[in-house]
Amino acid sequence: MAPLFSRYISFLRPDGHGFMIVKCFASGIILGTGFVHVLPDSFDMLSSECLSDDPWHKFPFAGFVAMVSGLATLAIDSITTSLYTVKNVDEPVLDVYGYDREKAIHIVGHNHSHSHGVVPETTKDDPQLLRYRIIAMVLEIGILFHSVVTGLSLGATNDACTIKGLIIALCFHHLFEGIGLGGCILQADFTNVKKFLLAFFFAGTTPCGIFLGIALSSIYRDNSPTALITTGLLNACSAGMLIYMALVDLLATEFMGSMLQGSIKFQIKCFAAALLGCAIMSVVAKWA
């Protein structure tokens, strides 16, 4: 619920140092989830002895699908940004007073002795704001894939040990994935309605997966070839998206941004936070 009330809590404002450290920590959690939890599960499922030797044991489908998923995420990221940029280059950008920005800057430059006005920045056409919105949407999709698979497995299984591990995974993964996603939603500056919808889908996908698993429990078997292939491919797809988003759109974007580039000491703090997030997920992997 943090994205809905961020404007009232100073610590949750996206331009603060505390927020940046928490976001880097959550990004480390997401990176660890992709590398240590989701991708290994995909390898295990797609190399199971329950699957036929040809082709599942002769080709690394998990790594291949994760690679394609990462590249597809890059393509979506790049093409969406390009389409928006082309659209706004063709249209004159107006300031809040209705003047063409280029003309306004020209006038201000030639009349500086008469006026000290500043052409205000627009947020609606800000390319950085668009990047944050694309990042939030793609990250939401990647997490939803993972949530559906986890919920489906939890609802369909009758093994107490498996349930215990999945509950641990749910508690840790979704807590910190929610922090990371919430940070992205804050920076994207969505309307309250869109914030609520994103939060609703994040919170509701796993229960839907659980109900679906319970409904299919009579015909769904964790070790059936169909279940192993479907879940394994979905996990690989989710892993590719999460790894790409964590490294490229979350960590790299912030570490190359002006806030972190202006202070080596602050960079070290954020790197330590990201490393701590990865370490926590690596430890949790022992039980989940």
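Student: In this predicted model, which residues does Gly34 touch, once those up to four places away in sequence are not counted?

Tutor: A contact list of this kind shows what surrounds a residue beyond its sequence neighbours. Here Gly34 touches Leu39, Pro40, Ala239, Leu242 and Ile243, with residues up to four places away in sequence left out.

Student: Where is the place of Gly34, and is Gly34 buried or exposed?

Tutor: Gly34 lies in helix H2, which covers residues 17-46. With a relative accessible area of 0%, Gly34 counts as buried, because buried is the term for values under 20%.

Student: How many helices and strands does the chain have, and what share of its residues count as buried?

Tutor: The chain has eleven helices and zero strands, and 42% of its 288 residues count as buried. Of the contacts between residues at least 6 apart in sequence, 79% join residues at least 24 apart. The accessible surface of the chain comes to about 15,800 Å², and carbon and sulfur atoms account for 69% of that surface.

Student: How should I read the cysteines, and how many disulfides does the structure hold?

Tutor: One looks at the pairing of sulfur atoms and, separately, at the exposure of each residue. The structure holds zero disulfides. Cys50 is partly exposed, with a relative accessible area of 41%, while Cys208, at 53%, is exposed, because that term applies to values over 50%.

How values were computed. Residues are numbered from 1 along each chain as its sequence is written. This is a predicted model: local features need pLDDT of at least 70, side-chain atom pairs count only at pLDDT 80 or more; totals for chains, interfaces and linings use all residues. Side-chain values use heavy atoms; hydrogens and water are left out. A disulfide is a pair of cysteine sulfur atoms within 2.5 Å. Buried means under 20% relative accessible area, exposed over 50%, partly exposed in between (1.4 Å probe, protein chains only). Helices (H or I, at least four residues) and strands (E, at least two) are DSSP runs, numbered from the N terminus. Contact means heavy atoms within 4.5 Å. Accessible areas come from the Shrake-Rupley method with a 1.4 Å probe; for residues, only the protein chains shown count as cover.
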